[in-house]
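Colleague: I have some questions about the labels used for this model. Can we take them one by one?

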Amino acid sequence: MDAIDRAIINQLQKGFPISERPYREAAQSLGIGETELIQRLQTMLDDKRLSRFGPLYHAERMGGGLSLCAMAIPEQDYDKVAEQVNSFPEVAHNYARDHELNMWFVLATETPQRIPEVLKEIQALTGYPVYNMPKQQEFFVGLHFEV
């Protein structure tokens, strides 16, 4: 990763312009061209240095459902189950944890009623229970990872 890629990641974690040409505006503040910014983002996505680039929506304010979920998966099945869980379009932010509940992910659905349906589908596909931990209170952390 070169200095420009680092600058892109560091800057765009803090926000992305909302304008007619957001990539051009973001690129100008980085001192590069719009096409170069788009190509660098695509390259980082293609080679998995970035897992995702896009907006975060407040699913609940849009009428959707949102929940934090966890599973206890034996190590020998972990990769297979992670692939199964990640095949659901409603799953985001799936991370391994050093804990009895070693797989954690966010479930975002178009409606709150879809949460239990997706949980049942994941359990049926994987054969492992999913622990649903719906949000009770929201805190804004402002997380930023400097690279």
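Modeller: Start with exposure: buried means under 20% relative accessible area, exposed over 50%, and partly exposed in between (1.4 Å probe, protein chains only). This is a predicted model, where local features need pLDDT of at least 70, side-chain atom pairs count only at pLDDT 80 or more, and totals for chains, interfaces and linings use all residues. Residues are numbered from 1 along each chain as its sequence is written, and side-chain values use heavy atoms, with hydrogens and water left out.

Colleague: Why is arginine 21 called partly exposed?

Modeller: Its relative accessibility is 36%. That value lies between the cut-offs, so arginine 21 counts as partly exposed.

Colleague: What makes arginine 21 and glutamate 34 a salt bridge?

Modeller: The rule asks for a side-chain nitrogen of Lys or Arg within 4 Å of a carboxyl oxygen of Asp or Glu. Here the closest N and O atoms are 2.3 Å apart, and the pair forms a salt bridge. Arginine 21 lies in the loop between helix H1 (3–12) and helix H2 (22–30), and glutamate 34 in helix H3 (residues 34–46), so the pair ties together parts 13 residues apart in sequence. Helices here are DSSP runs (H or I, at least four residues), strands likewise (E, at least two), numbered from the N terminus. By the salt-bridge rule, the count comes to 11.

Colleague: Which distant parts does the pair of glutamate 60 and lysine 135 link?

Modeller: Their closest N and O atoms are 2.4 Å apart, in a salt bridge. Glutamate 60 sits in the loop between H3 and strand S1 (65–71), lysine 135 in the segment after S4, 75 residues apart.

Colleague: Is glutamate 90 buried or exposed?

Modeller: Buried: its relative accessibility is 14%. Glutamate 90 meets arginine 114 in a salt bridge (3.4 Å, N to O).

Colleague: At what angle do helix H4 and helix H5 cross?

Modeller: Roughly 145°, with the axes of H4 (residues 78–86) and H5 (residues 114–126) coming within 10 Å. Axes are lines fitted to C-alpha atoms, for helices over the stretch in contact, and angles run from 0 to 180 degrees between N-to-C directions.

Colleague: Which residues in H4 and H5 meet?

Modeller: Val81, Gln84 and Val85 in H4 meet Ile122, Leu125 and Thr126 in H5. Contact means heavy atoms within 4.5 Å.
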